[in-house]
Amino acid sequence: MHQSFLRMQILPHFEFGWPLLVFCLFTLFICVNLFFTLFVYGRFAFFKQKKDASEINYPPLSVILAARNESDNLYENLPIILEQDYPEFEVIIINNQSTDDSTYLLEAIAQQYSNLRVIEVMKNQHLKPGKKLSITLGVKGAKFEHLILTDADCRPASRNWLKSIAENFSNEKQIVLGYGPYKKEKGFLNRLIRFDTTWIGMSYFSMALAKLPYMGVGRNLAYTKTVFNSVSGFKSHYYLPSGDDDLFIQETAKNNNYTIAIKADSFCYSEGHTSWKSWMRQKTRHFTTTDKYNVIKKWMLGIYPLSLLLVLISFVTLLIVTDYKLLALFVFLPVLLLKWWIQARCFYKLQAQKFIPYLPLWDLFYAFVMPVIYYSTDKKKKNKW
């Protein structure tokens with residue numbers, strides 16, 4: 001009797017009409033959202049990076065760092081890069097048309113460290129001070145086959161940064177996607193930037209594990225000279241201000257020649273933007289490349305936030321309909337908890353535990369805010385380095 005009564009309370013009368021149509025759409029949207037969570041984010045959530053100690057090989061490395069007017073950041077961060085605990089490596093700084101004290105600072109540091117090499121690009125009206133030029137010069141001038149790229153405002157998590165990245169290289173794996181979080185500071189903007197960075201990290205790591213690599217982060221990325229030369233560097237998208245860490249990866253990451261590095265020691269931290277304007281400028285620069293993504297990658301990146309929004313709209317609608325209220329809750333809550341658990345595992349791997357208790361709220365907020373930022377920015381605007 002009790003079970004029969006409970007069944008009557010949960011199951012509505014499935015009569016044809018708009019409530020039934022909304023429920024069918026709700027079920028479809030939640031299945032799409034759940035499928036993406038399980039089979040994309042789930043790959044990263046349960047990923048274990050196994051490597052036998054006897055198999056680890058530390059190849060000689062060339063660390064490439066493009067800089068322009070970065071004297072303060074070079075002073076703060078360059079020593080920990082030069083003092084990495086690694087058998088053999090060089091650090092190449094491409095000082096691209098700087099007008100600050102970078103040249104004098106680098107000359108002084110080079111006297112202390114024999115593994116530092118500086119490539120000076122003098123100011124020239126015919127040369128654009130873009131990052132792609134600097135990276136290309138660094139690759140051409142590198143002594144070693146294996147390259148690691150970072151930025152002047154990035155600080156490795158430890159002296160084992162190079163080891164934690166390079167141990168992932170092998171004959172089969174010629175690209176290593178690293179992670180570049182932002183330092184924790186006060187304020188809502190900093191929390192949003194850190195959540196955005198963690199979410200993007202979860203996304204590109206998960207997509208890579210799902211055999212759909214679409215980006216890395218230029219401040220913590222590794223590949224070989226062979227990979228770089230196989231596509232003539234950035235030739236196909238040199239005219240864009242961005243693309244060195246997403247379009248390049250989409251061109252070169254093929255036939256399972258890539259892997260990911262997620263040890264805490266492999267992280268490279270940066271200072272977050274302190275103003276909305278500067279952060280929006282950075283997001284706009286990143287968005288300039290999205291139109292160049294292939295249809296499958298665009299679809300995969302857009303399906304989760306779109307399905308989440310449609311789930312929310314249909315769910316709220318069903319709550320208004322008394323007959324479907326309990327059934328909608330019965331379907332929605334277990335899915336919410338399962339997603340929470342899977343995303344929490346991903347965030348834990350990326351050292352972002354502070355966001356885990358509020359993940360559903362951040363998830364929802366992010367799904368609303370990012371499309372607004374994307375469609376409100378001028379993606380054709382040329383942002384200077």
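**Figure 1. One cavity in the whole structure.** A cavity is a set of points on a 1 Å grid over the protein atoms alone where a 1.4 Å probe fits but cannot get out, and its lining residues have an atom within 4 Å of a point. Welcome to this predicted model, in which local features need pLDDT of at least 70 and side-chain atom pairs count only at pLDDT 80 or more, while totals for chains, interfaces and linings use all residues. Residues are numbered from 1 along each chain as its sequence is written, and side-chain values use heavy atoms, with hydrogens and water left out. Searching the whole structure turns up one cavity of 30 Å³ or more. The largest cavity holds about 30 Å³ of space, where a volume is the space filled by probe spheres set on grid points joined across faces, edges and corners.

**Figure 2. Who lines the largest cavity?** The lining is made by Ile64, Ala66, Lys131, Ile135, Leu149, Thr150, Asp151 and Gly218. Strand 1, helix 5 (131–141) and strand 4 (146–151) are the elements that each give two or more residues to this lining. Helices (H or I, at least four residues) and strands (E, at least two) are DSSP runs, numbered from the N terminus. Strand 4 provides the largest share of the lining, three residues. By residue type, the lining of the largest cavity divides into four nonpolar, two polar and two charged residues. For this count, Ala, Val, Leu, Ile, Met, Phe, Trp, Tyr, Cys and Pro are nonpolar, Asp, Glu, Lys and Arg are charged, and the others, Gly among them, are polar.

**Figure 3. Strand 2, covered on both faces**. Look for residues 89–96: eight of the eight residues of strand 2 are buried, so this strand is largely enclosed by the rest of the structure. Buried means under 20% relative accessible area, exposed means over 50%, and partly exposed lies in between (1.4 Å probe, protein chains only). In a regular strand the side chains alternate between the two faces of the sheet. Here one side of strand 2 carries Phe89, Val91, Ile93 and Asn95, the other carries Glu90, Ile92, Ile94 and Asn96, and all of these are buried.

**Figure 4. Strand 2 with its parallel partners, strand 1 and strand 3.** Two strands pair if DSSP finds at least two bridges between them. Strand 1 (residues 61–67) runs parallel to strand 2, and seven bridges join them. One place to look is Leu65, whose bridge partner in strand 2 is Ile93. Right-handed means that, with the strands pointing away from the viewer, the path from the first strand over the helix to the second runs clockwise. Strand 3 (residues 116–121) is also parallel to strand 2, with six bridges between the two. There, Asn95 has Glu120 of strand 3 as its bridge partner. Strand 2, helix 4 (residues 102–110) and strand 3 form a right-handed β-α-β unit too.

**Figure 5. Strand 7 and its antiparallel neighbours, strand 4 and strand 6.** Leu221 and Tyr223 point one way from strand 7, Ala222 and Thr224 point the other way, and all are buried. Strand 4 and strand 7 run antiparallel and are joined by four bridges. You can find His146 bridged to Thr224 of strand 7. Strand 6 (residues 175–177) pairs with strand 7 in the antiparallel sense over three bridges, and the bridge partner of Val176 in strand 7 is Ala222.

**Figure 6. Two asparagines with a positive phi, Asn69 and Asn256.** Most residues other than glycine have a negative phi. Asn69 is not a glycine, yet its phi is positive, at about 55 degrees. Follow the loop between strand 1 and helix 3 to reach Asn69, which counts as partly exposed because its relative accessibility is 32%. Asn256, likewise not a glycine, has a positive phi of about 60 degrees. Asn256 sits in the loop between helix 9 (247–252) and strand 8 (258–260), and its 35% relative accessibility makes it partly exposed.

**Figure 7. Cysteines without a disulfide**. How many disulfides are there? The count is zero, taking a disulfide as a pair of cysteine sulfur atoms within 2.5 Å. For Cys154, the nearest cysteine sulfur belongs to Cys268 and is 5.0 Å away. Cys154 is buried, with 0% relative accessibility, and Cys346 is buried at 0% as well.

Technical notes. 1 Å grid on protein atoms, 1.4 Å probe; cavity = no way out; pocket = protein on both sides within 12 Å on 5 of 7 lines; lining within 4 Å.
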